[in-house]
Amino acid sequence: MKTVTELLPALRRQDRLLNLTRDAVCSARASRRSLFGTDRPLPNFLMLGAQRAGTTSLHQHLCEHRLIAKPLAKEVQFFTTHYDRGESWYRAHFPYLQPGQQTFESSPYYLFQPYVPRRVATLLPEAKFLVLLREPTARAFSHYLHSKHLGVETLSFEDALDAEDARLAEAERLGIESPEGESLHRSFSYKSRGLYAVQLERWLEHVSREQLMVVKSEAYLRDPGTVVSDVVTWLGLPTVEVQKRANSNVLATSAGTTLAPSTKQRLREYFQDDAAQLSKMGFDVTW
């Protein structure tokens, strides 16, 4: 079993690979844009997460709306990884808008990273915030499969759940805004990211309930047209018909990747108190 320290080289390789394949070109374009003025708009709304909850598919559906202009990249991650680059760099990711248009970005780590709500509320006090919540046990297992697929997870799912507290404690020790600490915090937070009440309460300390819309992933995957219609109406935009598509970011499961009944029961018990708190907050958590 590898220690947290031994996992860090693999995490660094993962981050370099993601930067090369997803972020580097957009970041370079944004950096060039930021040299030529700061009059580009800030986003009208953000999709905050959750990770492995269908944000990629919903992002693509929203980008098909004629009055929603897409950013340079889906995940800008300004309020987490790139916060030190400044507002001009962030603005450079968004297009100039035509009358009536809105723009946005979707960074699933925003929901979980504890420093983000205050930063967002300071820069985007009038924005709206969209959250997709997936049944937390299924979300945790999908997150685990994703980490295995990227080559950063070496443990069985059960052992990874047992190791999570120690891994996140090490992330805190390193500082979750350091590259190593952030990688641990993002990659191995299988259970913690499913504690939605804590995350939403943190956001509601900085934004109003009216600014926040929560959608269940299961409802979106079952009937994307209705959910997209509800979202664009909430944004104040005309509704459109959408094409049902397969989830754009679901890993195909293979032999040996089914969730053991005992582990499923363990996680359901773990999430019970959080589900009760969500209900008290007025959020529908009947998955």
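User: How many bridges join strand β4 (residues 128–133) to strand β5, and how do these two strands run?

Analyst: Strands of a sheet pair through backbone hydrogen bonds, either parallel or antiparallel. In this case five bridges join β4 to β5, and the two strands run parallel. Two strands count as paired if DSSP finds at least two bridges between them, and strands (E, at least two residues) and helices (H or I, at least four) are DSSP runs numbered from the N terminus. Please keep in mind that this is a predicted model, in which local features need pLDDT of at least 70 and side-chain atom pairs count only at pLDDT 80 or more, whereas totals for chains, interfaces and linings use all residues. Residues are numbered from 1 along each chain as its sequence is written, and side-chain values use heavy atoms, with hydrogens and water left out.

User: Which residues should I look at to see the pairing of β4 on its two sides?

Analyst: Towards β5, V131 has V214 as its bridge partner, and L130 stands opposite M213. Towards strand β1 (residues 45–49), which is joined to β4 by four bridges and runs parallel to it, M47 stands opposite L130 and G49 has V131 as its bridge partner.

User: What is the order of the strands in the whole sheet, and which strands stand at its edges?

Analyst: The five strands form an open sheet in the order β2-β3-β1-β4-β5, with parallel pairing. The edges are β2 (68–69) and β5, each of which has a single partner strand, so one side of each is left without a neighbour in the sheet.

User: How many residues of β4 and of β5 are buried?

Analyst: A residue is called buried under 20% relative accessible area, exposed over 50%, and partly exposed in between (1.4 Å probe, protein chains only). In β4, five of the six residues are buried, so this strand is largely enclosed by the rest of the structure. Strand β5 (residues 212–216) is mostly covered, with four of its five residues buried. For the chain of 287 residues, buried residues make up 53%.

User: What lies across the sheet, and at what angle to β1?

Analyst: Angles are taken between N-to-C directions of axes, which are lines fitted to C-alpha atoms (for helices over the stretch in contact), and run from 0 to 180 degrees. Helix α2 (residues 55–63) lies across β1, β2, β3 (102–106) and β4, and it runs at about 160 degrees to β1. Seven of the nine residues of α2 are buried, so the helix is largely enclosed by the rest of the structure; among them are T55, L58, H59 and L62. The buried residues of α2 pack against β1, β2, β3 and β4, and also against α10 (217–222) and α11 (224–234).

User: Where is M47 placed, and is it buried or exposed?

Analyst: M47 belongs to strand β1 and is buried, with a relative accessible area of 1%. Contact means heavy atoms within 4.5 Å; not counting residues up to four places away in sequence, M47 touches residues including T55, L58, H59, L62, F104, L130 and L132. M47 and H59 are 12 residues apart in sequence and 8.0 Å apart in space, C-alpha to C-alpha.

User: How do helices α9 and α13 pack?

Analyst: Helix α9 (residues 196–204) and helix α13 (residues 272–280) pack at an angle of about 40 degrees, with their axes 8 Å apart. They are therefore oblique to each other, since angles under 35 degrees count as roughly parallel, over 145 as roughly antiparallel, 65 to 115 as roughly perpendicular and the rest as oblique. The contact is made by Y196, A197, V198, L200 and E201 of α9 and by D274, Q277 and L278 of α13.

User: Which loops hold Q113 and E205, and is each of them buried or exposed?

Analyst: Q113 is in the loop between α4 (109–112) and α5 (116–123), and it is buried, with a relative accessible area of 1%. Leaving aside its neighbours within four places in sequence, Q113 is in contact with T80, I176, E177 and H185. E205, in the loop between α9 and β5, is exposed, with a relative accessible area of 62%. E205 and P117 are 88 residues apart in sequence and 8.2 Å apart in space, C-alpha to C-alpha.
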